[in-house]
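This briefing goes with a predicted model of one protein. Please keep the sequence and the structure open while reading.

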Amino acid sequence: MHRLSLEGVRIDALRARPLSVRLIEPFVIASGRVDATRAVEVEARVTWRRKTDVGLGEAACLPPVTREDQGDVLREVERAVAIDAATLSGLGPVTRAAVESAVLDAMGRIEGVPVRALLGDAGVDALETDITVAIAAPAKMAELARAWVEKGFRALKVKVGKDVDTDARALEAIGRAAPAAMLRVDANAGYSAHEAIALARACEKLGLLIECWEQPCRADDLDGMAEVAGALDAPVIADESVKTLDDVRVLTRMRYADGINLKLAKSGGVLACLEIGTVARLAGLQIMVGGMVETRLGMTAAAHLACALGGVDFVDLDTAWLLAEDPYEGGYVADGPRYRLPDVPGLGVRRR
């Protein structure tokens, strides 16, 4: 795979502004609740190959999953002046992901090619995403699941991790409301191994179609994750446990999960995720590409990553659907859950 270098790329100016967009429904997971995005839009003016253009990137903060919050990113961008694109490692991962996305967007615009082509075009420009059903009362989760399936979504990412019995009732209700949907169950590190296995056994008795289990145990409970992975037939996908290449090496050695979830904000940008994903795939791990709670801007950048990897096993690039408004246009073209990345320069995303 072609490896893109940012050597020789100069960032002439950076600007940041808060990107707070209200969600249609509260986004509740095992570790917290979000009612509006806590993101930052970063604009970078970049000079490369004697040409200059401007790109956009999104810093998606989701405390406590991310250490950085919106205010931290705004302050960090203010301090990052006259920075060389090749030395972004000094920034926090969320800020770095946004700045790097903006730089790649500008580079694509300068070259007149999509970001995925800069990354080493694998010939993929289409993806199909799941849609998230956040934690709520079981009847509400079933109602949301039914509505999303009616809009064409075939895979539902169901948030659990607070209480096994309540989660089992919610999954049962979703199974009745959307019997043909594949379920991707995400505990966001909320369970012990015993609890995760108990929920899985309950799902088996209900005959539910579980496609994968995501991060059932605490990020540092690798033995617990291994116990769950060994007990279940469906793959276990590590999210909070895997942020870096070193984390992938530990996973490869211990085999405590069957795959990883790549997120730009978690690992510090597209280029780090591309390297992590490539190494993980060579190790025989399955790949999911997901996000925090991003707008179309951040979801488009992650979609270019998924395409540059040649497609992935699980696509979880849905959060723009959950927002009350869309501050951007362009980027991916959506037909329900099916996304197509048009052949336009950069990310192709513009402010409305």
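The predicted model contains 11 helices and 18 strands. Of its 352 residues, 59% are buried.

**Overall dimensions**

- A compact globule of 352 residues would have a radius of gyration near 20 Å, so the 19 Å of this protein agrees with that expectation.
- Along the principal axes, the C-alpha atoms occupy a box of roughly 65 × 40 × 40 Å.
- The accessible surface is about 14100 Å², and carbon and sulfur atoms contribute 48% of this area.
- Among contacts with a separation of 6 or more, 72% are between residues 24 or more positions apart.

**Strands and sheets**

- Eight strands form an open sheet with parallel pairing, in the order E7-E8-E9-E10-E11-E12-E13-E14.
- The edges of this sheet are E7 and strand E14 (314-315), each of which pairs on one side only.
- Within the sheet, strand E9 (residues 182-186) and strand E10 (residues 210-214) are parallel and share four bridges. Val-185 faces Trp-213 of E10 across this pairing.
- Strand E2 (22-29) runs antiparallel to strand E3 (residues 32-36), and four bridges join the two.
- E2 and E3 are connected as a hairpin through two residues. Arg-22 is opposite Ala-36 in E3.
- In a regular strand, side chains alternate between the two faces of the sheet.

**Helix H4**

- Helix H4 covers residues 138-150, 13 residues in all. From first to last C-alpha it reaches 18 Å, close to the 18 Å expected at 1.5 Å a residue.
- Its buried residues are Met-141, Ala-142, Leu-144, Ala-145 and Trp-148. Viewed down the axis of H4, the buried residues fall within an arc of 165 degrees, so they line one face of the helix.
- An α-helix has 3.6 residues a turn, so residues three or four places apart point the same way.
- The buried residues of H4 pack against strand E2 (22-29), strand E7 (131-133), strand E8 (155-159) and helix H5 (164-177).
- Ala-139 and Glu-150 are exposed on the face of H4 turned away from the buried side.
- Gly-152 follows H4 and has a positive phi, near 105 degrees.

- Leu-245, Val-248 and Leu-251 are buried in H8. They cover an arc of only 115 degrees around the axis, and therefore lie on the same side of H8.
- The partners of these buried residues of H8 are E12 and helix H10 (270-282).
- Asp-246 and Arg-253 are exposed on the other side of H8.
- Arg-255 follows H8, in the loop between helix H8 (245-254) and strand E12 (259-262).
- The phi of Arg-255 is near 55 degrees, a positive value in a residue other than glycine.
- Arg-255 is partly exposed because its relative accessible area is 39%, between the 20% limit for buried and the 50% limit for exposed.

**Other loop residues to check**

- Most residues other than glycine have a negative phi, and most peptide bonds are trans.
- Gln-215 has a positive phi, near 35 degrees, although it is a residue other than glycine. It sits in the loop between E10 and helix H7 (222-231).
- With a relative accessible area of 0%, Gln-215 is buried.
- The peptide bond between Pro-63 and Pro-64 is cis, with omega about 5 degrees. Pro-64 is part of the loop between strand E5 (51-61) and helix H1 (70-79).
- Gly-112 is in the loop between helix H2 (93-111) and helix H3 (115-118). Its relative accessibility is 45%, so Gly-112 counts as partly exposed.

Key
Residues numbered from 1 in each chain as written. Predicted model: local features only at pLDDT ≥ 70, side-chain atom pairs only at ≥ 80, totals over all residues. Heavy atoms only, no water. Expected span 1.5 Å × (residues − 1). Buried < 20%, exposed > 50% of the residue type's maximum accessible area, 1.4 Å probe, protein only. Arc of directions from axis to C-beta. Contact = heavy atoms within 4.5 Å. Rg over C-alpha atoms; globule rule 2.2 N^0.38 Å. Areas by Shrake-Rupley, 256 points an atom, 1.4 Å probe, with all protein chains shown as cover. Pairing = 2+ DSSP bridges.
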